[in-house]
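Subject: Structure handover

Hello,

Here is the structure you asked about, with the sequence alongside. My notes follow below it.

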Amino acid sequence: MLKRILSVIAASAMVASAALAQSGTTISGRVTNEAGAPLPGASVFIPSLNVGTQTNDNGRYSFVVAGNRAAGQTVGLTARIIGFTAKSVQITLTSGRDVTENFALISNPLRLGEVVVTGAGTSTTREKLGVTINTIDSASITRAAAPQNIVSALAGKAPGVVVRTQSGEPGASADIKIRGGSSLSGTNQPLFVVDGVPIDNSTSSTTGGDGGTVTANRASDINPDDIASVDILKGSAAAAIYGARAANGVVLITTKSGHSGPTRYSFTSSTNVDNIDAGNMALQRSYAQGDGGVTAACTKTNCAVSSNSFGAAIPTGTSTYDHLNEIYNTGYTFDNNLSVSGGNDRTTFYGSGGLTNQDGVLVGPQNKYNRATFRLKGSEEVSSTFRVGGNFNFIDTRGNYVQQGSNTSGVLLGGLRTPPNFNNLPYLNSLGLQRPYRFPNATSVVALEGAGFYDNPFFVLNNPGNRSELDREIASFTADWHPSSWLAFNETLGADNYADSRLQSLPLTSAATTTGTVTRSDENFLEIDHNLTATATHSFSDNFASTLTVGQNLNSRRDRALASNGTQLLAATPLALQNTVSQTANQNESLAHIESYFAQATADLYGQLYFTLGVRNDGFSTFGASNRRSNFPKASAAWTFTNALGKRDQKGLFSYGKLRAAYGETGKEPPVYGTITAFSTGRTFGSGYGDAINTRFGPGGIASSTGQGNDALRPERSKEFEFGGDFGFLSQRADLSITSYSKHTSDVIISVPTSAAATGYSSKLANGATLSNRGIELAFNIRPIETKNVALELGTQFARNKGSVDNLLGAQFITYNNEGFTGAIGSSTLGYAPGVIRGSDFIRCGRGLKLNYDGSGVKDIDAICAATPGGYKNNALFLGANGLPIPDPTDRVIADPNPKYTMSYTTSLKLWNKLTFSGLLDVRKGGAVWNGTKGILFAKGTSAATDVRSTTNGQFGVNFDTKIYPNVAGPGVGAVPFNNMAAWDAWFVGNGGGFGPVGEQFVEDGSFVKLRELSLTYALDGAWVKNLVGFTSADVRIAGRNLHTWTKYTGLDPEANLGGGGFLTQGVDYFNSPQTRSFVVSISLNR
Amino acid sequence: MIKPWKIAPVAALALLGVAACSGDFLSGGQLSTDPNRPTAANAQQLLGGVQSNLWSHWGSDPARTTGMWAQQFKGLISQYISVYQYAHDETTTNGIHTSLYAGGGLVDLKKADSLALFANDKHTLGVGQIMEGALMGTGADLFGDLVYSQALQGKSNPTLDKQQAVYDSVQKVLSAGIANMASNNPSDVGPGTYDLNYAGNPTSWTKLAYTLKARFYMHTAKVDGAAAYTAALAAAQLGLDSPTIDYKGVYQITPTAETNFYYQFQNTAGRGGYMGIDPQFIALLKSRNDPRFANYFDTTKNYVSVTRDAAAYPQTFVSTTENLLIWSEAAYRTGDQATALVKLNAARALAGLGSDAAAAAGGQALLTEILTEEYINDYQLGEEAWNLYKRTCFPNLTPTVANLKMPRRLYYDSGERQTNTNFPAAGTDPNGSFNQLDPSATTSDGGGACLDQ
């Protein structure tokens, strides 16, 4: 892919260079903004000679033109930097005579003249764009963001791009959703392309998404410090050039490159100090382990005590423990990066090495993440018309992880359920066996079998058996051939290959498997991509220029996974397969190919009207045989109407205006082998509780798969219109971008529920569901102060997306059923955005319910509500005769995790060109979260809210849960169901807790305001810096991330996301760690 | 500068050249064949899958849920507290209904049937038919009305057969199975080692089929009355006659770890403590000084005994004792108290008990003893204790929640409900969680008013 700056050099590379340098000419000077503030990192170069350099922190530059090339000719010298309008002057090169040239560049906040990458080998300038492409530059990626995950660093950076990070544990994945979800299966993640090569960003969990350990999304392997910029192609019109892989948008990552000129060195070292923000989570410290107000304690060996904390009040003087904070400590992340770059007039290179070393916030040694990367990128101008480039990136990611989530061996699950009067330390008893709060005095592994306990969190934290070791290479070769001034060819051949070797194990005495288990999994992924384009440019007249690009894309993705599970450990260690009694292995392989052609034409009229027209013809091996090829067209127009008004100088109150309109189509391919109906050799029959038998065992039975394939599958298709405008005011001191879009996705593939009774299959893959997303995106920036010494910039972004599932092929809803919860199940439901959570509620008034709720026949609930003295309000909680609510067996939507809108505010203040202060406030409004953790802590009696148990006249509608249920009705109004601790206990362990059938009562508003980033940078560039440390400049930065959250959510973190990037359903909180709050100190040295 | 017209053909050729070598780029090999899953199976392998499915219907969650409702087990923590207190919904039972039809159910039975017919293998066909009777009969026990006569015809919105009609069809398919097992052709190779119980032995399968017929006739007795008992009596006389051929879940402990469902639930699945033994059931055995006590319970762990909580313990699903007790009760109900007493004592003898003194009095005392023996024997025998209660209101259990009634059926799963308009909405179908074969029994067959009514 062409680099923003390199492309300019490349486009003009026409002059053959000659022999050795003689004395030469030194060209030097300074680049500043209009107010005189220096602009570091600006490119200053002579396009016709393809020589140049970049400015240092003082804005100074200097380079030499060899004597044999300085023959007294006049050439153009250009200074260019992102955010400013480039400027060229004419200079005369005479050997032996130096030139001094200073530039004062005019700020260009809309980045109009910048080259912007539009994908698949195409690029244009921003002014000509008829679509929205958000560009995030390296500074805002690394300013205060986690050094670990590039996706997390995009949170709050572009309107309409919603990022949720799974948790603060090292190696956790992040989910990114652009303009709402446009598919109902898979993950709705955009396509990631690095320097023109598509890379894998899957999140594949070893043992299912809701338990096990956190799993990285694979884009997090990219070192953020290597990234020059990220372009997000949000809509279908922008992304259509990627056809059937682009329905969820495309994230184009461009890495840093070398520039001709003196060799530059940069060393950055940062230290993050991380801890957790427990938010509004509160545990009770007043009541002991036990039930019904009676304390239970275990004094004998092999005694199983109560699982709950509904015992008597803890006597004063008895020690109690903070079971939340005891499992967290301070984490540290060290991030070091060194880069060397440079080049001469024909060759450039960029080399970097990065090392990220994270010791997470969980207590203990098994909570680490380590990523080492190196990159070598170079280009060589073989001849005046031919240039080749290479880019090699090696990544070694390894981590030790902790069992978490919905998992009886998960760290928070056992930790937060522990009664306040039980000390979780020591975590081993005197015999060296695990010491869980329910079964503390075990005498043997066998005694713990079937004891029904949760792991002691410290036992979990010290389990060394969860690792991932990944080696990855992302490499590419590019060739650019410009056989004539109007014709250019570009070839990019790239590969992404990784081998992920994982171990997940539970040692002897683990709650989930007392006899221990070991899972080894190896995944080998390879993607090879070839992309060839030919671009012709022609100017018909001064007022009519055009380009035509045709291209071919071939792609092959191969995945080979082998997982072996061993059960029943022989000896306590090692946690290895050969140390288990029996093993089962599973291999999963897939191969998919793409063969596509695309064409794109552009026309520029009168320097103000820009048209783009394109089509991609996709052939995928995953499409059904009868639908092997598919077309994805696009068209866009942009009109800079201020140019038509003669305001090309971009001055005045209304200084710039562009209107744009675009239409495009993109797709999503069917799942691999979705066209095939097959049998299953490993079908299990049993229950959701985990007891099951497998047909493969014994002589080997075979059963039909429950889902049917479909040989007529075609890609899902998103058709999107977008309209908008970009406006400048006050001589470009302020700018505003507005975009409105409407995306309609049809042919959506769902596993359509089919009547098993009618067909023998409970589902069938089929195209035909439809959904729509409509929204508006807005970005406004203002620079009220721009003087030589003070620059202040304020910005805000706003985005709202409204999604709706419009057709499910006749079904009312489909469940994803991969979360493993019975009380809260992810689904797509007609009339709602994708990913809403279904479950049950209590019986409520005004819903037209007719139920046989007490076994005495079907009754009209509303009629009974109406008989309540004083009548009833709709949605009032229906109380049975005993004063308690009654579960309604009807399955319904209980939570919509999609936010109503998202916003962010940014500010940047630069003083004396030395001190930069910046901040980012991230706002999410709406978006429900199912607080499953709360439900369980109610049932176990460890939530502080269960302190209500001391109330002896507890009643719904009077003094209990009145915020959730302000209105009550039905025969039980006036009855007092809670008059002692036993009554409260019975309610919480039953229908009033998370083990009961009613998930709705734990749904909460997940709105938040997060102080996402705050940073203060001081640039040191005096001569003493060079004298002292040998570098020309040094930046010292202190920053903070996730410093504070304002929310009403009562769990740990409203951004909770149990399953991470692999989950279609977001907004599920079940014993997962919150994100970390980090304080960063960093120093960068440059020369 | 190179002239454009010289370059254009070269460029075109370059593009075409790459395209030309990609003629088969999108199909063939691993692009078109799933490397992970087979697309063919033989009849024996399919019956192996059905066997797993059938055992899970009798051995896994349906058995535990109905066992709790019949108060042989008690829900102690987490979800099982709610289930014990009769709270259940569509999601509780998702999958149990579907797998009557989907993989491991009718769809594979139909495939196995046609493969067996093609091979003229009457024994494989017969075993499939007997398994079908067992599976669909159990489905009728759990759900009441079912799609059966119109099942798997690809028809949209197939109608549900009434529970009674499902049982009638089950009797027919069992009879057909029995007839096929009588065949004696060289082509009748049978399921062989895929049949983990009888290795395809036609005599054993025939006896099992008769006991199943007797079991399902009993389930219709509330509606059919004496006719059902007469038919059950006739079938029981040809049913299982030796504990050595009791039908059990035989788990493949080695070389692969597949174990008893109760063991898995309590141990490997990490659900220990979810479910214990109901105190009333413990009290019942204690009061009778029943020698099965130690074989049934481990009261320190409050779970099934160590013997029954062992990985390799084969769960019994259909037993000779059950057959004798059906024989006994059916004889009693048709007026033959003498045979009833003989068969009751024969059943007791198998459990290591002596002759029943109380039963010798005959009349209501004999019936009570027969029903009590059935209830005790039904422990861990799939859903039978619950089926007994639904039919007889015996034992006269006090509901676990005052003012609520024990559920008589599970809800259909929501996937089925929304793909077939003939399925009633949850909670409204035929009579809450009752069905038409469970009319309110105002009196218990053990005597006295039924506490559940």
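A search of the whole structure, which is a predicted model, finds three disulfides over all chains; a disulfide here is a pair of cysteine sulfur atoms within 2.5 Å. One of them is formed by Cys298(A) and Cys303(A), with the sulfur atoms 1.6 Å apart. The torsion about the S-S bond of Cys298(A) and Cys303(A) is about 90°, so this disulfide is right-handed.

On conventions: residues are numbered from 1 along each chain as its sequence is written, and chains are lettered from A and ligands numbered from 1 in the order in which they are written. Because the model is predicted, local features need pLDDT of at least 70 and side-chain atom pairs count only at pLDDT 80 or more, while totals for chains, interfaces and linings use all residues; side-chain values use heavy atoms, with hydrogens and water left out.

Backbone points in chain A

Most residues other than glycine have a negative phi, and most peptide bonds are trans. A cis peptide bond joins Leu425(A) to Pro426(A), with omega about 0°. Pro426(A) sits in the loop between helix H4 (411-417) and helix H5 (445-448) of chain A. Helices (H or I, at least four residues) and strands (E, at least two) are DSSP runs, numbered from the N terminus. The peptide bond from Thr573(A) to Pro574(A) is also cis, with omega near 0°, and Pro574(A) is in the loop between strand S28 (544-569) and strand S29 (580-605) of chain A. Asn875(A) has a positive phi, near 75°, and is a residue other than glycine. Asn875(A) lies in the loop between helix H9 (861-866) and strand S47 (877-878) of chain A.

Sheets in chain A

Four strands of chain A form an open sheet in the order S3-S2-S5-S6, with antiparallel pairing; two strands pair if DSSP finds at least two bridges between them. Its edge strands are S3 (51-54) and S6 (87-94), each of which pairs on one side only. Neighbouring strands of this sheet are turned by 20° against each other on average, direction ignored. Strand S2 (residues 43-46) of chain A pairs with S3(A) in the antiparallel sense over four bridges, and Val44(A) stands opposite Thr53(A) in S3(A).

Another open sheet of four strands in chain A has the order S42-S43-S44-S48, and its pairing is antiparallel. Strand S42 (813-815) and strand S48 (892-895) stand at the edges with a single partner strand each, so one side of each is left without a neighbour in the sheet. The twist of this sheet averages 50° from one strand to the next. Strand S43 (residues 825-829) and strand S44 (residues 836-839) of chain A pair in the antiparallel sense over three bridges. Gly826(A) stands opposite Ile837(A) in S44(A).

Two packed helices are described by the angle between their axes and the distance between the axes. Axes are lines fitted to C-alpha atoms, for helices over the stretch in contact, and angles run from 0 to 180 degrees between N-to-C directions.

Helix H2 (residues 43-59) and helix H6 (residues 122-143) of chain B pack at an angle of about 25°, with their axes 10 Å apart. H2(B) and H6(B) are therefore roughly parallel to each other (angles under 35 degrees count as roughly parallel, over 145 as roughly antiparallel, 65 to 115 as roughly perpendicular and the rest as oblique). The crossing of H2(B) and H6(B) is left-handed, meaning that the near helix is turned anticlockwise from the far one by less than a right angle; clockwise would be right-handed. The residues of this contact divide into 10 nonpolar, seven polar and no charged. Ala, Val, Leu, Ile, Met, Phe, Trp, Tyr, Cys and Pro count as nonpolar, Asp, Glu, Lys and Arg as charged, and the others, Gly among them, as polar.

H6(B) also packs against H8(B), at an angle of about 20° and with the axes 10 Å apart. That makes H6(B) roughly parallel to H8(B), and H6(B) passes H8(B) in a left-handed crossing. By class, the contact of H6(B) with H8(B) has nine nonpolar, five polar and one charged residues.

Helix H8 (residues 202-219) and helix H10 (residues 226-236) of chain B pack at about 165°, with their axes 8 Å apart. That makes H8(B) roughly antiparallel to H10(B). This crossing is left-handed.

Regards
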